[in-house]
Amino acid sequence: MLRQDRWDTIVIGAGPSGSTAARFIAQCGFKVLILERERFPGQGKACGGGIPFGLIKQLSLPESIIEKKIYSHILHFPSGVKIYKYRRPIFATVYRSSFDRFLVERAVSMGASLITQCRVFNIIKNKEGTTAITNRGRFFSKLIIFANGASNLAYRMSGVGINLRKNNTYLAIAYELDDKNTALDAFEVFYNPHSIPWGYYWIFPKRDRLNVGVDCLCSKIKKNLRFCLDEFINTDRYLRDKKRIRFIAGLIPACLATRLVSDNVLVIGDAAGMVNPIIGEGLKYAIRTGELAGVSCVDTLMLKRFDRKTLLVYPRRFHRTGEFCWLKIWHLIAGFFSNLDKQTLFMQISIVYIYIARIIFKFMKKKIYGG
Ligand SMILES: Cc1cc2nc3c(=O)[nH]c(=O)nc-3n(C[C@H](O)[C@H](O)[C@H](O)COP(=O)(O)OP(=O)(O)OC[C@H]3O[C@@H](n4cnc5c(N)ncnc54)[C@H](O)[C@@H]3O)c2cc1C
């Protein structure tokens with residue numbers, strides 16, 4: 001029976017981050033179990049499904065999963081419209097139900113086990129490892145990876161990951177509108193600071209549907225967000241007559257976790273705040289942190305040491321990546337515009353200088369001492 005086994009790693013959540021981490025661990029021959037609260041991974045997941053085209057190649061996604069290749073960005077500002085066209089597709093859209101399913105099936109084909117409709121509501125640590133307590137029983141393992149999306153679960157259970165509050169979380173809602181064989185092939189983004197002071201409306205086309213949504217930092221919401229989205233759709237000539245098939249809502253973290261590991265525990269993806277705080281893009285960071293956490297778990301499983309110090313190999317690896325560098329820059333930019341009082345502005349400029357000085361210092365050190 002799965003339940004009586006002792007696992008090397010338990011992954012909470014079969015989203016893109018969790019399935020990626022599980023795949024890396026399983027393919028090295030370790031016993032990994034994914035616990036997912038939904039019946040099917042990706043079911044009911046609120047997401048625009050926009051992913052960079054490079055990620056499609058990296059994951060070798062089959063064509064059948066790609067809904068639309070995106071050849072242009074159209075940005076609508078109150079002052080005018082900017083159009084960026086590209087010769088090659090730079091983004092694509094997917095349905096999360098098929099994308100998440102593909103990733104989890106790949107992890108399972110590598111040897112990972114999956115239990116669905118299994119909600120983790122607590123974890124207990126003891127000398128031998130950790131126990132995940134779920135509606136389907138208790139599961140024991142040496143390591144636990146929190147890959148459970150935008151929630152405070154990891155923070156409450158282990159003091160790692162994000163602590164969501166109104167001023168560091170977006171509320172995002174979207175409709176899927178019927179638009180058979182849509183001719184649209186651009187990502188359209190609309191900035192309207194009057195109704196949405198810190199966020200934007202979007203239209204992301206799929207093959208037969210349009211994902212039309214809006215997000216706004218919770219602390220800056222002025223009016224009911226659904227009312228704003230309805231108004232946006234009803235005043236757009238192309239959108240207003242389209243049938244609304246589905247309504248979805250979710251949270252997007254706009255805060256980076258300061259602690260990514262503790263004894264026996266790691267946190268990845270949205271649960272660690274790995275999202276661009278300006279545009280809400282999180283899929284590529286979820287996959288990247290999943291990979292790095294997976295590789296780091298393999299290292300620690302081979303060493304048979306699961307304390308925080310040994311697990312720090314994961315954040316160290318992540319801090320060396322371009323993705324981390326960009327996330328930091330996006331957070332600094334977001335900080336500039338959201339708190340433009342003089343004191344914070346001064347602090348933020350100082351942080352940028354310190355950060356750039358550190359990069360130059362590291363570069364010089366490498367040049368002088370090598371390695
Ligand atoms: C409306 C909206 C639109 C978005 N659009 C885009 C976009 O176009 N492009 C982009 O890059 N990003 C987008 N994002 C962000 C993106 O969805 C996330 O960054 C991404 O899904 C993070 O992946 P993850 O694996 O970390 O978490 P998730 O995808 O959230 O997966 C977490 C999994 O854990 C499961 N789970 C949660 N709690 C438990 C529990 N207690 N026990 C067991 N299982 C549990 C969930 O069911 C889920 O399957 C959007 C987000 C929203 C809300």
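**Close-up views of a predicted model**

**View 1. Contacts of Pro-78.** Leaving aside residues up to four places away in sequence, Pro-78 is in contact with Tyr-191 and Asn-192. In this predicted model, Pro-78 belongs to the loop that lies between β5 (72-77) and β6 (80-85). Pro-78 has 9 other C-beta atoms within 10 Å; because a residue with 12 or fewer such atoms counts as exposed, Pro-78 is classed as exposed.

**View 2. The shell around the ligand.** The ligand has 39 residues around it, of which Gly-13, Gly-15, Gly-149, Gly-269 and Gly-282 come nearest. Sorted by class, this shell comprises 18 nonpolar, 14 polar and seven charged residues. At least two residues of the shell are supplied by each of α1 (16-26), β3 (50-52), β12 (169-178), β16 (244-253) and α6 (283-303). The largest share, three residues, is that of α1. In terms of domains, domain 1 (2-49 + 95-164 + 256-326) and domain 2 (166-253) each contribute at least three residues to the shell around the ligand.

**View 3. Domain 1 against domain 2.** The domain assignment divides the chain into domain 1 (2-49 + 95-164 + 256-326), domain 2 (166-253) and domain 3 (339-371). The centres of domain 1 and domain 2, taken over C-alpha atoms, are 29 Å apart. Their contact involves 12 residues from domain 1 and 17 residues from domain 2. On the side of domain 1 that touches domain 2, six residues are nonpolar, five are polar and one is charged.

**View 4. The open sheet β3-β7-β4.** Three strands form an open sheet in the order β3-β7-β4, and their pairing is antiparallel.

**View 5. Pairing of β4 with β7.** The antiparallel strands β4 and β7 (residues 91-94) are joined by four bridges. Within this pairing, Ile-70 is placed opposite Phe-91 of β7.

Note on methods
Residues are numbered from 1 along each chain as its sequence is written. This is a predicted model: local features need pLDDT of at least 70, side-chain atom pairs count only at pLDDT 80 or more; totals for chains, interfaces and linings use all residues. A residue is near a molecule or strand if its C-beta atom, placed from the backbone, lies within 6 Å of it. Ala, Val, Leu, Ile, Met, Phe, Trp, Tyr, Cys and Pro count as nonpolar, Asp, Glu, Lys and Arg as charged, and the others, Gly among them, as polar. Domain bounds come from an automatic or database domain assignment. A residue is buried if 20 or more other C-beta atoms lie within 10 Å of its own, exposed if 12 or fewer, and partly exposed in between; C-beta atoms are placed from the backbone. Two residues are in contact if their C-beta atoms, placed from the backbone, lie within 7 Å. Two strands pair if DSSP finds at least two bridges between them.
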